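Hello,

The structure we talked about is below. My notes on it follow.

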Amino acid sequence: MGFSWNIIADLQQIFSLQFMQHAFEAGTMIAIIAGIVGYFVVLRRSTFVAHAFSEIGFAGAAGAILFGVPAVVGMLLGSTLGGTSIAVLSRRSSHRDVYVGIVLAFALGIGLLFLSLYTGYATEAISLLFGEILGISALDVARTLLFTIVILAGMAVLYRPLLFSSLDEEVAEAKGLPTLFIGIAFLLLVAVAVSIAVQVTGVLLIFSLMVTPAATAQHLASRPSRVIAISAGISLAVTWLGLFVSFYQPYPASFFITAMVFVLYVLVRLFHRRIRTPGEHRTDWRDRVLRSGKDYSS
Amino acid sequence: MSTIVLAEELAAGYSGKTIWRGATFKVDSGDFVAIIGPNGAGKTTLFRVILGLQQQLAGSIRVFGREPERGSPRIGYVPQQHVVDEESHLESLELVRLGLSGREWGFSLRSHDDRDAALAALGSVGGRELAHHPLAELSGGELQRIFLAEALVSNPDLLLLDEPLSNLDMRRERDLLRLVNEVVRSRNVAAMLIAHNINPLLPYLDKVIYMANGKVAIGKPSEVFTSESLSALYGIDIEVLHDSKGNLAIVGIEGHHGDE
């Protein structure tokens with residue numbers, strides 16, 4: 001089974017294997033979800049929170065493994081519970097990062113304890129932390145499909161109010177939108193998305209699908225719908241490519257995924273600086289004050 | 001001419017602590033009203049009460065003849081702080097659109113309608129050509145026009161503008177005031193504008209609400225900006241001086257911004 005330049009034959013070979021089929025099916029759904037949800041994670045500057053979810057979920061997953069429950073159940077439980085409490089406790093607090101960091105460190109420690117109590121320590125730990133897309137079962141695929149539908153439906157309903165309250169929270173609130181509820185509902189969707197995305201990226205590499213593609217896409221389009229489409233497109237492309245490449249050599253797919261999104265991000269940032277023409281719309285210090293949201297006048 | 005806001009012996013504050021009391025005033029459609037006062041006088045608090053985001057502590061307030069209610073589509077609001085993400089290339093038009101459709105759940109089925117309305121709102125603030133510019137690349141004055149368009153897109157009867165001039169230089173300040181004045185006159189909306197400095201506003205104003213020292217003075221600028229009325233407000237001797245161009249200087253209050 002080696003790589004040939006006949007791509008059709010290669011793909012036929014890959015898809016003749018059931019675990020590769022599962023990997024592609026789950027990977028496709030996860031990539032699209034991560035690309036969509038990731039846009040709002042980046043827009044709301046919730047990257048650290050998303051990371052925390054995945055690590056709190058890690059504690060839940062490790063506990064689930066220890067007690068013989070499917071890891072994804074523990075993951076979901078951990079990330080939603082942890083996520084909701086973070087969302088409620090630290091709302092509008094300037095020290096949110098500190099709270100998140102404290103909870104996160106504690107959760108990781110608990111996860112470590114659970115794993116060391118479990119005998120299959122090493123492999124489980126590695127696949128939880130860094131993803132094990134080639135080990136996805138038919139049941140995992142079905143579960144991923146279910147969660148994907150939930151997240152897509154949730155995002156479709158929330159879309160405009162979420163966009164509004166992310167871009168212009170004060171006006172959205174004055175317009176009567178329940179911004180706290182929207183924030184919590186979104187974080188719950190992030191928790192669900194994280195708990196399926198870790199199958200591909202693992203707990204520690206969650207940013208590679210959840211943050212980097214959206215951050216890259218933000219520089220390529222100016223309308224939210226297009227940014228989301230590009231973001232989902234990027235994470236889909238790197239997931240497929242990562243799977244394809246990892247089929248032919250022994251290194252993990254999540255490494256290739258993280259490497260590709262990183263390179264793409266750097267390229268876009270480098271190129272974009274050059275093709276962008278600020279022209280007359282140059283910024284001065286007054287604009288920066290306004291833009292940084294700093295209350296300068298009172 | 002219809003009454004938009006009617007306040008009687010209104011008092012407001014936070015967590016039971018009164019910031020100001022005794023505000024009795026009326027804002028009619030087509031009124032351009034400035035709210036002036038030192039920092040912490042409670043100017044934004046008045047907006048929050050009108051918006052239904054905060055309960056008054058005493059007195060009564062009617063907005064469009066009813067108790068203030070959060071989410072009134074008849075109010076267009078531009079808060080003092082807007083955070084524009086420099087990393088994002090979001091275009092102006094998208095933000096203005098949200099002023100109309102951002103409170104609707106689900107996907108838009110009539111996205112062309114709100115696009116057209118948003119373009120029209122941008123046109124009415126002279127910002128039609130900014131529609132496809134990223135927000136992060138606009139100047140302070142251009143941004144204020146976009147926010148004004150976002151507030152205008154739902155065709156409000158009352159505009160609440162919280163310190164729209166605070167980060168603008170004098171020329172942009174004058175341009176924006178002209179624009180707001182034009183909007184007020186042409187659409188017959190009422191505008192309430194919070195500012196630090198009364199002088200650039202003087203040519204346009206119908207009324208002034210002056211907040212200081214826990215008290216509120218209301219009237220025409222020529223009535224409020226007198227040595228007697230401001231002395232009564234602050235409880236100390238204050239002198240209002242006029243220069244040859246009609247500008248006011250307020251003497252006697254340390255750190256006051258009316259005389260900038």
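B:Val5 stands opposite B:Val63, which lies in E4 of chain B. Strand E1 (residues 3-14) of chain B pairs with E4(B) in the antiparallel sense over 5 bridges. Strands here are DSSP runs of E, at least two residues long, and helices are runs of H or I of at least four, numbered from the N terminus; two strands count as paired if DSSP finds at least two bridges between them.

This is a predicted model, in which local features need pLDDT of at least 70, side-chain atom pairs count only at pLDDT 80 or more, and totals for chains, interfaces and linings use all residues. Residues are numbered from 1 along each chain as its sequence is written, while chains are lettered from A and ligands numbered from 1 in the order in which they are written.

The open sheet has 3 strands in the order E2-E1-E4 (chain B), with antiparallel pairing. Its edge strands, each pairing on one side only, are E2 (17-28) and E4 (58-63) of chain B. From one strand to the next the twist averages 20° (axes are lines fitted to C-alpha atoms, for helices over the stretch in contact; angles run from 0 to 180 degrees between N-to-C directions). Helix H1 (residues 43-50) of chain B packs on the sheet and touches E1, E2 and E4 of chain B. The direction of H1 makes about 120° with that of E1(B).

As for the interface, the contact takes 43 residues from chain B and 36 residues from chain A (contact: C-beta atoms, placed from the backbone, within 7 Å). The largest share of chain B's side, 4 residues, comes from H2(B).

Regards

Technical notes
Contact = placed C-beta atoms within 7 Å.
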